[in-house]
Amino acid sequence: MNNQHQIPLEQLYSQLDSGFKGLSNSEADRRLKETGLNELRVRRQTPEYIKFLLQFKNFFALLLMVGGGLAFFADYLDPGQGNFYIGCALYGVVLLNASFTYMQEYQSEKIMESFQKMLPTMVTIERNGEVNQINAKQVVPGDIMLLYEGDKISADGRLLRENQLKVDMSSLTGESEPVELQVDADNENIHHSKNMVFSGTLVQSGNGKAIVCATGMETQIGKIVELTKHTKKVESPIGKELKYFIKIISGIAIFLGVTFYIVSVAIGKGEISSLIFAIGIIVANVPEGLLPTVTLALTMASKRMARKNALIKNLESVETLGSTTVICTDKTGTLTQNKISVNTLIINRHHHDITDPDISEEPELHIARRIMTLCNNAHLDSHLKYSGDSTEIALLAYGNKIKSIKDIVRTKRFSEKTFTSDDKYMITVHESPNNDHFHAYLKGAPEVVMNMCDRIHVDGKKVPFTDHYREMIVEQYMLLAERGERGLALAYRNSSNDELAGDGYVFIGVVGMLDPPRPEVPEAILKCRNAGIRVFMLTGDFGPTAEAIGKQIGLFTDAGKVLQGDDLSALDEEGLSRVLDEKELIFARITPAQKLQIVKALQKKGQIVTVTGDGVNDSPALKNADMGVAMGLMGTDVAKEASNMVLMDDNFATIVTAVEEGRTIFDNIKKFIAYILTSNIPQILPFIAYVLLDIPLPLTVVLILAIDLGTDIVPALGLGAEKPETDVMNKPPRSRNERLLTGNLLFMSYGIVGMIQAAAGFFSYFVVLLDGGWQWGESLAATDPLYRTAITAFFASIIICQVADVLICRTRRQSILTVGILANKLVLLGIATELSLLALISYVPFMNTFFGTAPLELWQLALSIPFAITIIIADEIRRIFVRHENRFVLKWLTW
């Protein structure tokens, strides 16, 4: 292997038992069984048991474990008071929560892996002299790989030919500057020789052909992959928000626990009982189901998006989409159908529709067909299947429609200048039809090609390309553009050698290609407008063409602005900033560097930018965008690697759907937080009342745990799965500074709904006590039937009010009636779980013994129902004011 870059090619072919036309299919299949799949087997970085143990290090788990330890300590000092069972219950909660969180994260990882499998790397190979695309995993040593701009190289190999081939070796060397490769070895070390290509590297420009020398773990990247150390994971915005939430809630819990422990001891309650009360307050504040519910909500959103053709590469990116303020989108294939076909041909001064029978009479047609076919890197295989760039496929298909291109494609190519978005033209040099000299064929943007021509073909003759002819071509070309057709000019020249000339060409004509807009895009554009999201078109196409398409899809009106690449270059930073304030913008004939410039300028203005792209040149903008979106069908491997999301249908409307999901997930996490915080107040106040008012403790620690496990987890999962509210895309994008935990949310949960729940609990508690003959100041034993009935009534009040709470938390702005009370099956399951738990704890003798409860009569259960109804009605009224944008309500009562 170490000298495969230096030995003669014949010897290498012999060594690999291959040839210039590649392997046979049967031989490739045999080798695949022998060598195995071409994939890297990376050992698992973190053992599963370590991942499970890491679930115990979050602050909520630590708080509960400390509480459990204190309960065991209290039991040690004063046995037989039930503190041992409290400690067991707390540790049971920690174990259950850790197990659930671990399973959710494990399933999320598997889902992300399955998404990656839906994005296989394809490689173009030659077998038996026939070109085909196969999954990169099927490549074997001895295969012939064809390399094109944008490809991710799938195996180590030696170059057989190259044409201006530049490869990004940064994945191996760390050097960001692409390396220009060559056919001959230039270094003793195989790793540094410029005639070798390596797995995992990226083709930045040009093309080439290589024979595969090594695959899978035998490649250079395979040998070092076990030694590769992964960088520390960057914390996502949602991760930071959850950390902030945990810090605030834990701070509240510790402050209240310590404060009331001190107060309780000070008024003579005893250190052990005061310790238990402190534990109760801390436990009451900890939302045990938070972390697994957030993970599940993100996972469910990712799965929903995958069903809608949007694959998220990491879970947190779902939430980032929700704050998008500007979408910078390509035109071809994203706003249009990517079904490019030749529609018009301008040759010999005539404007022909391709269905026009008179076109066959034009003497220039056969030259135009030859240029379209040979100045082209698309392929037509023996099964009549096209592969390659969509524009080049359209040209090849049209050439083949006029007459079979079988004979033409065999014409020998000597050299090539590939098309780039910077210079916008391509040249190939071939032997002439008579084999007596060379022909250089040129295609590209009309304005570029015209500048390289000094003659034009008219009536079968070459005549000077005068201003008269140039004006005529421009006029005809503008007609194409105004219809939304993309124009490519064709030209050629005779040459005595195979050099790539930059002038002296003969102008042949212009091909007009049509790519119809996607029918669903206008509605998606309208959704963006209603959602306060601006959509800018960034294209390398001609301005009038882009404008015509923009008007067809509703992206652009006469009030909009079209800026050409040259105009953009003339703007300073302040001028560009002013332009970016426009509501409707099309940037035409722009370069990749200018695309990146626009993205950075928008971000500097505080915009959250989502960018689409499919080519190598799009990768800088994709990487720098807040959300990079690559095309799954036509996108290059480079673009997919640089992106956060991949569209499996290349459809702009899918991005809008993904934005809707992004907004929904943030809303749903807030709904869950509002829900779990509300029950904290009726759990905390009983301990405070016990210490300050000298009454029997209205709620025990064991019942608090029953509430948290019964009323938090399952209903919260339902809130995480809540569908988008119908007006979610009728609101402006949320600020990136908006927090999950806000003052308004705390005020609503703690100050209003939580207080109503606490009032329901105390009302039921005192009614039961007073009805049973209790007198103020009278102490009751924990085994007293009246006390047991009273705490059961308090417990039941919280459960019943939590049913109302989960219903009002389903929407932030809309009426519950509009979303359907029975629409969310998981919320209904959560309610059923709550009520079942209430029935078990209240009426099953074994549960009565364990929880210290007693059966309730029907009237006792009904005591809290008016409070639950009040919660629902009051919140319905609040939402009416929110929808009518009442200033007071928007300022204080909107969460």
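A residue is termed buried under 20% relative accessible area, exposed over 50% and partly exposed in between, with a 1.4 Å probe and protein chains only. The structure is a predicted model, in which local features need pLDDT of at least 70, side-chain atom pairs count only at pLDDT 80 or more, and totals for chains, interfaces and linings use all residues. Residues are numbered from 1 along each chain as its sequence is written, and side-chain values use heavy atoms, with hydrogens and water left out.

Helices are DSSP runs of H or I with at least four residues, and strands are runs of E with at least two, numbered from the N terminus. Helix H20 covers residues 592–604 and has 13 residues. From its first C-alpha to its last, H20 reaches 18 Å, close to the 18 Å expected at 1.5 Å a residue; the expected span is 1.5 Å times one less than the number of residues. The buried residues of H20 are Pro592, Gln594, Lys595, Leu596, Ile598, Val599, Ala601 and Leu602. Glycine 606, which follows H20, has a positive phi near 85 degrees.

Aromatic pairs were searched for across the whole structure, and 15 were found. Rings of Phe, Tyr and Trp (its six-membered ring) pair if their centres lie within 6.5 Å; planes under 30 degrees apart count as stacked, over 60 as edge-to-face and the rest as tilted. Phenylalanine 52 is partly exposed at 25% relative accessibility, whereas phenylalanine 56 is buried at 18%.

Phenylalanine 72 and phenylalanine 84 form a tilted pair, with centres 5.6 Å apart and planes at 50 degrees. Phenylalanine 72 lies in helix H4 (residues 59–77) and phenylalanine 84 in helix H5 (residues 83–117), so this pair ties together parts that are 12 residues apart in sequence. Phenylalanine 72 is partly exposed at 30%, and phenylalanine 84 is partly exposed at 40%. Elsewhere, ring pairs link Phe762, Tyr765, Phe766, Trp774, Trp776 and Phe794 into a cluster.

With a disulfide defined as a pair of cysteine sulfur atoms within 2.5 Å, the count is 0. Cysteine 453 is in no disulfide, and the nearest cysteine sulfur, that of cysteine 375, is 12 Å away. Cysteine 453 is buried at 4% relative accessibility, while cysteine 88 is partly exposed at 35%.
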